[in-house]
Amino acid sequence: MSKQGQRSGASAAITAAWLLTAVFYFYQYSMRSAPAVMVPELSTAFGLSAVGVASLVGLFYYAYAPFSLIAGVALDQLGPRKVVPLGAAAVAIGAILFSTGDPTLGSIGRFLQGAGGVFALIGAVYLVSNFMPIARAATLVGVTQMFGMAGGSAGQFVVGPLIASGVAWSSFWLIMGIVGIPIAVFLLLLIPKREPLPDDRKAGFGPALKAMGSVFINPQSILCGLIAGLFFIPTTIFDMVWGVRYLEEAHDLPYSLAVLRSASVPFGWIIGCPLLGWVTDRIGRRKPVIIGAGLMLIACLAAILYLPPGIFPPYSLGLLTGIASGAAMIPYTVIKEANRPEHSGTATGVINFLNFSLTALLGPIFASRLMASSGGGERGIDHYQATFTPLLYGVALAVLLTLLLRETGPKARVKTAAVPELSTS
């Protein structure tokens with residue numbers, strides 16, 4: 001199939017490969033968010049405090065961030081078939097190691113989950129960027145993230161009740177590890193081989209560094225990473241790590257209800273990612289959607305932290321927060337449009353690296369701030385407000401940074417292409 005044919009319409013084989021890669025993303029995201037509903041069990045099993053568990057869980061992001069760069073370059077250099085199945089296998093092995101309850105093996109396992117899991121999103125976005133219709137790029141990237149956040153919601157909404165009903169935490173991780181093995185095998189079978197690279201793009205360490213340098217020195221790339229990260233942190237740190245505990249300790253909600261309320265945020269992502277992606281494709285512009293969603297996210301976070309419970313209908317604030325935070329995926333489209341087409345995998349790796357580096361760096365800081373605020377004792381609403389109010393400032397900064405972002409939507413590209421013609425008429 002020619003490049004033009006690939007981009008104008010996706011074949012059934014490519015669609016199947018992308019769909020399974022999105023399922024892989026669902027799978028790894030469910031394990032990314034599951035620890036939030038089993039903090040007491042993990043504390044007992046690993047012999048760690050709540051802060052220690054947060055650090056153990058955070059190893060996912062310490063692997064996820066740097067391996068984003070490796071994954072992006074590997075996809076551009078080697079193609080998805082050679083690397084995405086290996087990522088799925090690494091996640092499966094990591095889940096099995098985590099199920100042992102041994103601190104050393106558990107740490108290695110959690111690291112492997114992050115290192116392998118990064119190939120899911122970047123692999124899916126690579127398939128979208130190189131084989132799927134250009135006019136639906138943001139929509140399909142949003143749908144990809146929808147699968148991830150469906151996994152994130154399942155990791156709380158489904159796993160929480162399972163743990164509460166008596167299912168052993170270790171059994172969950174062991175079963176998830178076993179499930180990952182056939183996912184890796186089917187990825188190997190379904191992802192098609194890539195056509196050989198032209199002579200001027202042969203794989204190697206030198207071309208990989210050149211591609212990475214080209215993306216990193218582009219100021220638009222840095223802006224995309226920061227905007228995505230600042231939109232994403234309220235989900236990755238506040239909700240998926242501390243959301244259940246916040247609702248239990250600050251609002252005296254029972255565990256089962258707190259799990260359901262917390263799970264409404266990733267469920268909002270399920271709606272927001274494809275919806276906002278479709279809107280930005282529909283209007284042909286990226287920046288207005290990011291800015292509007294950012295203002296909505298600030299309002300929702302402020303209401304969650306400062307308004308008394310019961311003012312809004314149950315689940316509504318969490319749902320709206322997730323929908324607005326879904327705009328974090330729009331910069332994933334922008335960064336590809338702002339860089340060379342042959343660097344699409346590298347560009348996605350770079351934004352993932354910048355995005356989750358913020359989570360990896362700030363996660364322990366927020367945990368330490370919360371412990372310091374409460375003096376190590378019982379935590380209340382004022383302690384959570386003092387700790388997580390900076391999230392509001394972070395999203396506000398993301399909105400300001402969006403003003404500096406170059407518009408790359410279809411309408412902007414058409415306008416740019418038309419300028420030379422106007423100047424010569």
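Over the ring of which residue does the charged end of Arg-32 sit? It's Tyr-64, with 4.7 Å to the ring's centre. Arg-32 also lies over the face of Tyr-29, 3.7 Å from that ring centre. For a charge to sit over a ring, NZ of Lys or CZ of Arg has to be within 6 Å of the ring centre and within 35 degrees of the ring normal.

A word on what you're looking at: this is a predicted model, where local features need pLDDT of at least 70, side-chain atom pairs count only at pLDDT 80 or more, and totals for chains, interfaces and linings use all residues. Residues are numbered from 1 along each chain as its sequence is written, and side-chain values use heavy atoms, with hydrogens and water left out.

Searching the whole structure turns up 16 aromatic pairs. Rings of Phe, Tyr and Trp (its six-membered ring) pair if their centres lie within 6.5 Å; planes under 30 degrees apart are stacked, over 60 edge-to-face, and the rest tilted. Take Phe-216 and Phe-353: their centres are 6.2 Å apart and their planes at 80 degrees, so this pair is edge-to-face. Because Phe-216 lies in helix H10 (residues 205-216) and Phe-353 in helix H16 (residues 344-374), the pair ties together parts 137 residues apart in sequence. Helices here are DSSP runs (H or I, at least four residues), numbered from the N terminus. Phe-216 is partly exposed at 26% relative accessible area, and Phe-353 is partly exposed too, at 22%. The labels work like this: buried is under 20% relative accessible area, exposed is over 50%, and partly exposed is in between (1.4 Å probe, protein chains only).

Tyr-246 and Tyr-384 make another edge-to-face pair, with 5.1 Å centre to centre and 70 degrees between the planes. Tyr-246 sits in helix H11 (residues 219-251) and Tyr-384 in helix H17 (residues 381-388), 138 residues apart. Both Tyr-246 and Tyr-384 are buried. Elsewhere, ring pairs join Phe-46, Phe-98, Trp-169, Phe-172 and Trp-173 into a cluster.

A pocket is found on a 1 Å grid over the protein atoms alone: it's an open set of points where a 1.4 Å probe fits, with protein on both sides within 12 Å along at least five of seven lines, and lining residues have an atom within 4 Å of a point. The second largest pocket has a volume of about 500 Å³, meaning the space filled by probe spheres set on the points, which are joined across faces, edges and corners. It has 28 lining residues, and Leu-247, Arg-261, Ile-304, Leu-317 and Gly-318 are the closest to its centre. H11, helix H12 (255-283), helix H13 (287-306) and helix H14 (316-325) each supply at least two residues of this lining, and H11 gives the most, with seven. The lining splits into 18 nonpolar, eight polar and two charged residues. Here Ala, Val, Leu, Ile, Met, Phe, Trp, Tyr, Cys and Pro count as nonpolar, Asp, Glu, Lys and Arg as charged, and the others, Gly among them, as polar.

Finally, look at two loops. Most residues other than glycine have a negative phi. Asp-252, in the loop between H11 and H12, has a positive phi near 55 degrees and is exposed at 65% relative accessibility. Tyr-315, in the loop between H13 and H14, has a positive phi near 75 degrees and is partly exposed at 35%.
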